[in-house]
Amino acid sequence: MQILTTIPETQTACRTLRTTGTLGLVPTMGALHAGHLSLITAAKRDCAHVAASIFVNPLQFGPNEDLAQYPRTFDEDCAKLEAAGVDLLFAPTVETMVPKNSATFVEVAGIGDRLDGVHRPGHFRGVATIVAKLFHILSPDRAYFGQKDAAQLAVLRAMTRDLNFPVDLVACPIVREPSGLAMSSRNEYLSADHRQRASILQRALTAATDLHKAGRHNTAQLIATTRQLIAQDHNINIEYVAAVDPGTLLPLDSTAQGALLAVAIKLGTTRLIDNVLLEPAHVQ
Ligand code: AMP
């Protein structure tokens, strides 16, 4: 695996890779777990060559968020990527990706201000700006993202469409711990007790999914059920429970045509998100 840190050498290496087949890109912030590796597996399945990036993007952290504490495990990450068969790792410095004179940002208006965008102002502007730069630097044919960050996916789909990036976005299913907790680099912050408590998110989403499957399509009711189940644990602060269109992130009244049911909570100081895509109901 080539490990590259500068933009010109990465551009050259990616151009060379693409002369012999398609290139898949898996952008990450490192502290890699099985969720990230599932994206690599999907990219390996589809593409002749696979590139990953590790960049803890300061633009997507708010002033009171965990940028300084965010886990950084570069050597272990390299070993995992190498073992997974990644061809090229782009691991730039902050100064390389966001030079001091940087004045151009990518803002996906509307979508970028919904769900997590409400609670983390500027977050999706930071994500979209860096992913746009990665698309320019690596010129992938496909890019792989986790369904776990469903709002991010909606923002990046809109950005890719609006800015005419010739990149196919591929959404990959959420990988979970045995308890049902969605894997996340931030799970490292949780105590064993909190990790166990956090599994209520998936149980609540599953309960709502069962109601939807049983024909209860009223989103107010599904949201209330999900909220009630999560709120039983007084250690959890609910940031949002929402049923939205997965493309626009606008609220829906009914799940009959399908919906994204998404939650964000705080457990102690750790922010966790999870979601489920509710399938359109079968017409009888
Ligand atoms: P991050 O390093 O948290 O920025 O995540 C990098 C990519 O991995 C994003 O596309 C995430 O959506 C994806 N990802 C993170 N956790 C999971 C998970 N548990 N299952 C699937 N994909 C994930």
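Predicted model: local features only at pLDDT ≥ 70, side-chain atom pairs only at ≥ 80, totals over all residues.

Biologist: Is Arg271 buried or exposed?

Modeller: Arg271 has a relative accessible area of 16%. Buried means under 20%, so Arg271 counts as buried.

Biologist: Which side chains make polar contacts with the side chain of Arg271?

Modeller: The side chain of Asp116 makes a polar contact with that of Arg271 at 2.8 Å. The side chain of Glu239 is joined to that of Arg271 by a polar contact of 2.6 Å.

Biologist: And what else does Arg271 touch?

Modeller: Leaving aside residues up to four places away in sequence, Arg271 touches several residues, including His119, Arg120, Arg186, Tyr240 and Lys266. Ala264 and Ile265 are also among them.

Biologist: Let us change topic. Where is Tyr144, and is Tyr144 buried or exposed?

Modeller: Tyr144 belongs to strand 5, residues 142-146. The relative accessible area of Tyr144 is 0%, so this residue is buried.

Biologist: Which side chain makes a polar contact with the side chain of Tyr144?

Modeller: That of Asp46 does, at 2.7 Å. Asp46 is also one of the residues that Tyr144 touches beyond four places in sequence, and others among them are Gly24, Leu39, Cys47, Val170 and Cys172.

Biologist: What about Thr206? Where is Thr206 found?

Modeller: Thr206 sits in helix 9, residues 200-213. Thr206 has 35% relative accessibility and therefore counts as partly exposed. The C-alpha atom of Thr206 is 8.1 Å from that of Val276, although the two residues are 70 residues apart along the chain.

Biologist: Now the helices. At what angle do the axes of helix 6 and helix 7 cross?

Modeller: The axes of helix 6 (residues 123-138) and helix 7 (residues 150-162) cross at roughly 50 degrees and come within 10 Å. That angle makes helix 6 oblique to helix 7. The crossing of helix 6 past helix 7 is right-handed.

Biologist: Which residues meet there?

Modeller: From helix 6, Phe124, Val127, Ala128, Val131, Ala132 and Phe135 meet Ala151, Gln152, Val155, Leu156, Met159 and Thr160 of helix 7. In this contact of helix 6 with helix 7, 10 residues are nonpolar, two are polar and none is charged.

Key:
Residues numbered from 1 in each chain as written. Heavy atoms only, no water. Axes fitted to C-alpha atoms, helices over the stretch in contact; angles between N-to-C directions. Helix = DSSP H or I, 4+ residues; strand = E, 2+ residues; numbered from the N terminus. Parallel < 35°, antiparallel > 145°, perpendicular 65-115°, else oblique. Left-handed = near helix turned anticlockwise from the far one by under 90°. Contact = heavy atoms within 4.5 Å. Nonpolar A, V, L, I, M, F, W, Y, C, P; charged D, E, K, R; others polar. Buried < 20%, exposed > 50% of the residue type's maximum accessible area, 1.4 Å probe, protein only. Polar contact = N/O pair within 3.5 Å; in protein donor to acceptor, adjacent residues only side chain to side chain.
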